[in-house]
Amino acid sequence: MWKYCLLLFCFCNACRFSMQAQTVAWSQPPTYQALEEYGDMYKVREQGKVGLVSKSGKILVRPEYDSITPFHEQLALGLEIQDDKYAVKAIIDQTTCRAGSVADKYYVQEEELYFSGGKLAVYDDSNRYGYLLPDGTLFIPCQYMRAYPFYEGMACVYKAKNRVCYLKSDGTELTTEVERQGYVLIAGTAFNESGEACVQGKLVGRKAFVINTQGKTLREAKFSGNTPKNFTFRKSFKFQNVEKAQVSDGVKPYKEGSLYGFVTSDGKKTILRPQFAEAYPFRNGFARVKLNGKYGILQLLPGDFAGQLDKHKVRFRNGKGEKVAYTVSVPPGYQGKPVTMTVSEGGKSEEMPLDLADGVLASFSFVPHPVGEEKTMNIHVSLASEGLLLWEDNQTLALEYVKALPPVLSVPQVTSAFRMDSEGYIRADSENKVEVYATITNPSSFPLNITVTMEGEGLESTSVELTVPAESRRVVSTVIPDIKERKSVHVVARTSTGLEQDSVINVKPFI
């Protein structure tokens, strides 16, 4: 079993941790079907509906629209698509991110999905046109055959077929010099960037004129076919592209195989291992990614993860290994967040939750589980939070196997200096004594502390405490003294570990 405990420490220079380093956390876990940058926020799609969230993942506009237009004049439209028509359900204020609902049903043309001059050209179920204000109320009721957006404080409307007029920003009609000359305006363009419009008037015949925003005639329009030669149409409206900031904090996506991760801009340090189907640059500390088919938002945090073993060599004695301690430091930003540690070594892998509510340094101990008797083992540690692989570490352990074989005691015997006669007797030396010995052998891989005793009637008893080195042997000897006649001596050798050997030695005097 893994033994896990949480420790609280102050960070010191010895800990491989730097507040200048960077890691990431979810500011919004992956829950959305789609996620795209939308100014300083994100447009999201959930269950087929679109809303807005902040970079931190806070819901600003609930996902309840079929589409949300880009902001223009700090206003956007929450739309519902019905029979290929765009119904205005809400008007969204960019400053407050408040979505004001529109009580009645109004529609907008696909090419005119924006407020201009503080007004929105809309039409109703009767296909009559008017203008909405930002608060969702009507500026001008739906009464026109066609109404176009305001430009330069003026808007061209068709009151009927072949009956055109221009509205001022206060809603009153502009009386042009062409009309004062008796012409009826039957067609007109929007005012261009120079404050000019081209109108067609009908009196006896038809004539085209270029007018300004005060209705004054500037010149007669000249045509080449159907194209005016002395008038320039206003450029088509385009929403301004959101200015993209530079990649923040020196972190960028990188690809490995089919997956994306993040590295420092110099490519020297991995911030997150590849795990995303899509990953986009960090902007102002946030980035959108796709994981497991859903989009979420990552946030950069200061700090880094680091791990360290307390030893890199482990001994196994009789198959039982020493404990190893592993300490991991976690950035302060993960204090209180759910973090799961997975440790894989040998033939074992286990997950455990880290309770970081009170600290940022955790330690656990374990006994390695080698599959065979390999000399090295790889320890793999990973940290994850809410499906996000935060960090991985690989450490190597050297393994030493210590054999604990039992000692071996030989039978008591005489040394080679003594000779046995034909009758099986050992002749004593000139002092009428015979040297007897026993050998203790240690076949183990570690030292052996043991006591060896030799005794018997007619034997000079002895007891010796020995330290026998690994895979070595030691000799314990004594003598049979004062041999005056032929006799048999029963010699017994014993050890403090319970071993015992004996032999009968026949001896005779020197003479």
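**Overall form.** I am working from a predicted model. I looked up the secondary structure and found 1 helix and 48 strands. Next I checked the radius of gyration. For the protein this is 48 Å, well over the 24 Å that the globule rule gives for 511 residues, so I note the protein as more spread out than a compact globule. I then took the box along the principal axes, and the C-alpha atoms fill roughly 170 × 45 × 40 Å.

**Surface and charge.** I find 44% of the 511 residues counted as buried. The accessible surface comes to about 26800 Å², with 47% of that belonging to carbon and sulfur atoms. I also looked at charge: there are 60 positive and 59 negative charges, and their mean positions are 9 Å apart.

**Leu 388.** I located Leu 388 in strand β39, which covers residues 388-402. Is Leu 388 buried or exposed? Leu 388 has a relative accessible area of 0%; the cut-off for buried is under 20%, so I record Leu 388 as buried. I listed its contacts beyond four places in sequence: Val 24, Ala 25, Trp 26, Leu 272, Gln 275, Phe 276, Leu 298, Tyr 334 and Leu 383.

**Cores.** I went on to the largest nonpolar core, which has 43 residues. Leu 388 is among those with the most contacts inside this core, as are Phe 276, Leu 298, Tyr 334 and Leu 383. Strand β39 gives the most to this core, with 5 residues. Apart from this core I found another, of 24 residues, including Leu 409, Val 414, Phe 418 and Leu 466.

Key
Residues are numbered from 1 along each chain as its sequence is written. This is a predicted model: local features need pLDDT of at least 70, side-chain atom pairs count only at pLDDT 80 or more; totals for chains, interfaces and linings use all residues. Side-chain values use heavy atoms; hydrogens and water are left out. Helices (H or I, at least four residues) and strands (E, at least two) are DSSP runs, numbered from the N terminus. Buried means under 20% relative accessible area, exposed over 50%, partly exposed in between (1.4 Å probe, protein chains only). Contact means heavy atoms within 4.5 Å. A nonpolar core is a set of buried Ala, Val, Leu, Ile, Met, Phe, Trp, Tyr and Cys residues joined through side-chain atoms within 4.5 Å. The radius of gyration is taken over C-alpha atoms; the globule rule is 2.2 Å times the number of residues to the power 0.38. Accessible areas come from the Shrake-Rupley method with a 1.4 Å probe; for residues, only the protein chains shown count as cover. Lys and Arg count as positive and Asp and Glu as negative; His and the chain ends are not counted. The place of a charge is taken as NZ of Lys, CZ of Arg, CG of Asp or CD of Glu.
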